[in-house]
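Student: I would like to take a close look at a single part of this protein and then see how the rest is arranged around it. Could you go through it slowly with me?

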Amino acid sequence: MTLVDVTVAATDFPLGALTARTPAAAVELVRVVPVDGAVAPLVWVVGRNLEGFEQAARSLDQIQRLSLVESLPGRRLYRIWWRPDATPFVSTIYRFHGAILDGRGTDEWHFFLRFPDDRSRDAFFAECARTGISIADTEYIAVG
């Protein structure tokens, strides 16, 4: 197993583009196990502009549906259903058997990823380079 810590520009995936449009709100992905095969993450939105985030999310073409799950003072939990072709970064992670262990950001995003082996990790990075997904500040952690 290989763990990878990466930084991705917000503009390289739709959730990042959304946080770039509402900089007063930070977003944290919630780890969930997908049961229906859809990329529909739960995200905590924290900050001063929660209404702005929701407005921007509802206007984003890549989002099929946005559902408020929980609302607390200064933070809200949403589930986001993406259009199938809207998430190439996330789809590339899953295509090469990776998992997102943690993800958070505003104008840039930090992800902690797990791949089953070096081969899967290397194929993921090769596909990102081929498709123009820019990844910076990469750190590898070999486990086992």
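Student: How many residues lie between β4 and β5 in the hairpin that they form, and which residue in the turn has a positive phi?

Tutor: Please keep in mind from the start that this is a predicted model. In the hairpin formed by β4 and β5, two residues lie between the strands, and G74 in the turn has a positive phi of about 80 degrees. Strand β4 covers residues 63-72, and its pairing with β5 is antiparallel, running over eight bridges. Within this pairing, L68 stands opposite Y78 in β5.

Across the whole structure, a search finds six aromatic pairs, and ring pairs join F89, W109, F111, F115, F124 and F125 into a cluster. Some of these names return in the largest nonpolar core, which has 36 residues, and in which L15, F89, F111, L113 and F124 touch the most other members. If we set aside residues up to four places away in sequence, the residues touched by F111 include V4, V6, V8, F13, L29, F89 and I100.

Rings also take part in another kind of arrangement, in which a charged end sits over a ring. The charged end of R65 is placed over the ring of W81, 3.8 Å from the ring's centre, while that of R75 is placed over the ring of W44, 4.3 Å from the centre.

To return to the matter of phi, most residues other than glycine have a negative phi. H97 is not a glycine, and yet H97 has a positive phi of about 65 degrees. H97 is found in the loop between α3 (88-95) and β6 (99-105), and H97 is exposed, because its relative accessible area of 59% is over 50%.

S120, in helix α4, is in contact with F96, H97 and F115, once its neighbours within four places in sequence are left aside; S120 is buried, with a relative accessible area of 11%. R114, in strand β7 (residues 108-115), is partly exposed, with a relative accessible area of 33%, and, with the neighbours within four places again left aside, its contacts include M1, T2, H97 and G98. R114 and M1 are 113 residues apart in sequence, but their C-alpha atoms are 7.0 Å apart in space.

Finally, a word on confidence. The protein averages a pLDDT of 82, and 90% of the residues score at least 70. Confidence is highest in helix α4 (residues 118-131), at a mean of 94, and lowest in helix α1 (residues 14-21), at a mean of 74.

Methods
Residues are numbered from 1 along each chain as its sequence is written. This is a predicted model: local features need pLDDT of at least 70, side-chain atom pairs count only at pLDDT 80 or more; totals for chains, interfaces and linings use all residues. Side-chain values use heavy atoms; hydrogens and water are left out. Helices (H or I, at least four residues) and strands (E, at least two) are DSSP runs, numbered from the N terminus. Buried means under 20% relative accessible area, exposed over 50%, partly exposed in between (1.4 Å probe, protein chains only). Rings of Phe, Tyr and Trp (its six-membered ring) pair if their centres lie within 6.5 Å; planes under 30 degrees apart count as stacked, over 60 as edge-to-face and the rest as tilted. A charge sits over a ring if NZ of Lys or CZ of Arg is within 6 Å of the ring centre and within 35 degrees of the ring normal. pLDDT is the predictor's confidence in each residue, from 0 to 100. A nonpolar core is a set of buried Ala, Val, Leu, Ile, Met, Phe, Trp, Tyr and Cys residues joined through side-chain atoms within 4.5 Å. Contact means heavy atoms within 4.5 Å. Two strands pair if DSSP finds at least two bridges between them.
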